[in-house]
Amino acid sequence: MAIESLYILNRAEDQLEEEIYRLETQHHLLDDMMNNEMLPPHIAGQIAAIPSPRVCEVATGSAIWLRKVAKTLPASAELVGLDLDTSKFPRPEALPPNIRLGSANAYEPFPEEFRGRFDVVYIRLFAFAARRGGGVALARNLASLLRPGGWLVWVEANMLIASAEPPSEALFECQKIQYAFMRDAGLEMGIPSIITSCIKEAGLRDCDERNYTCTSGMFSPQSSDWLARVHDQFIVVLSHTLISIFAKGGVDGLRSQQELDVLIAKLEEDMSGTRRPHALVVRAWGQKSL
């Protein structure tokens, strides 16, 4: 299967606005889950000491993270966003002058101009494009973009290990369908648990991770609407996943439009009220040797 076909959440051209909405609301929720820290604090502190830091985001999507991190860096910073699919890129005139976007395949050697150049390389939510057994090779290729002493930061979540309190039959059905599709498509199902070890096996040092849960925001300043935001993200991400799997031919349990419509309706019913969905987000990092 060609790598272009692995990522299933890309939408048709007439649905791009929906996909950009998903990416940007997802960013804001993840940002709040991770205490509004764009990078691990010790890495952010090191970057702040560099007069003109260089940051690259791979699988940048709509470049929402890159645009937000640009606001925390000096105007002299150089920011590059790369993605195989460029359809969600903002118009160049909508970007700060120090952000540049371009096309690249995360599994292929990057253009020579980018190798060994960056202080931080950032990637997140790559699970639906991650080849089974390819995590170390991916981390090694990402690390090729780093200058000596630079940091790779990898953030992942996976609905396969999500849960709900009380349990949700619709969530379980979605997970069975996602599992069957990922298995058949050759996608990596060990994410996010394997990402720190992949970074370490790729030869980086000082590797570590921090875990975040989507229920932590219920006890934060954003608590008043937190549960509604989590419900919204579960519905949006899972329904987009189901629609995309169905468009690719489906799997058992998702072969007809009726099965799709019924499951999305059940999901919308379950992700409401006081039910608490639980999802784990892992942020891992490692440093390239000097």
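Is helix α4 (residues 135–143) mostly covered or mostly open, and how many of its residues are buried? I looked this up in a predicted model, where local features need pLDDT of at least 70 and side-chain atom pairs count only at pLDDT 80 or more, while totals for chains, interfaces and linings use all residues. Residues are numbered from 1 along each chain as its sequence is written, and side-chain values use heavy atoms, with hydrogens and water left out.

**Entry on α4.** I found the helix mostly covered, with 7 of its 9 residues buried (under 20% relative accessible area, 1.4 Å probe, protein chains only). I list these as Gly-135, Val-136, Leu-138, Ala-139, Asn-141, Leu-142 and Ala-143. Their cover includes the strands β1 (54–58), β4 (118–124) and β5 (146–157) and the helix α6 (195–201).

**Entry on the fold.** I noted 8 helices and 9 strands in the chain; these are DSSP runs, H or I of at least four residues for helices and E of at least two for strands, numbered from the N terminus. Among contacts (heavy atoms within 4.5 Å) between residues at least 6 apart in sequence, 77% join residues at least 24 apart.

**Entry on dimensions.** I recorded a C-alpha trace spanning about 55 × 45 × 40 Å along its principal axes. The radius of gyration is 19 Å, which agrees with the value near 19 Å for a compact globule of 290 residues; the radius is taken over C-alpha atoms, and the rule is 2.2 Å times the number of residues to the power 0.38.

**Entry on burial.** I noted that buried residues make up 53% of the 290 residues in the chain.

Methods
Buried < 20%, exposed > 50% of the residue type's maximum accessible area, 1.4 Å probe, protein only.
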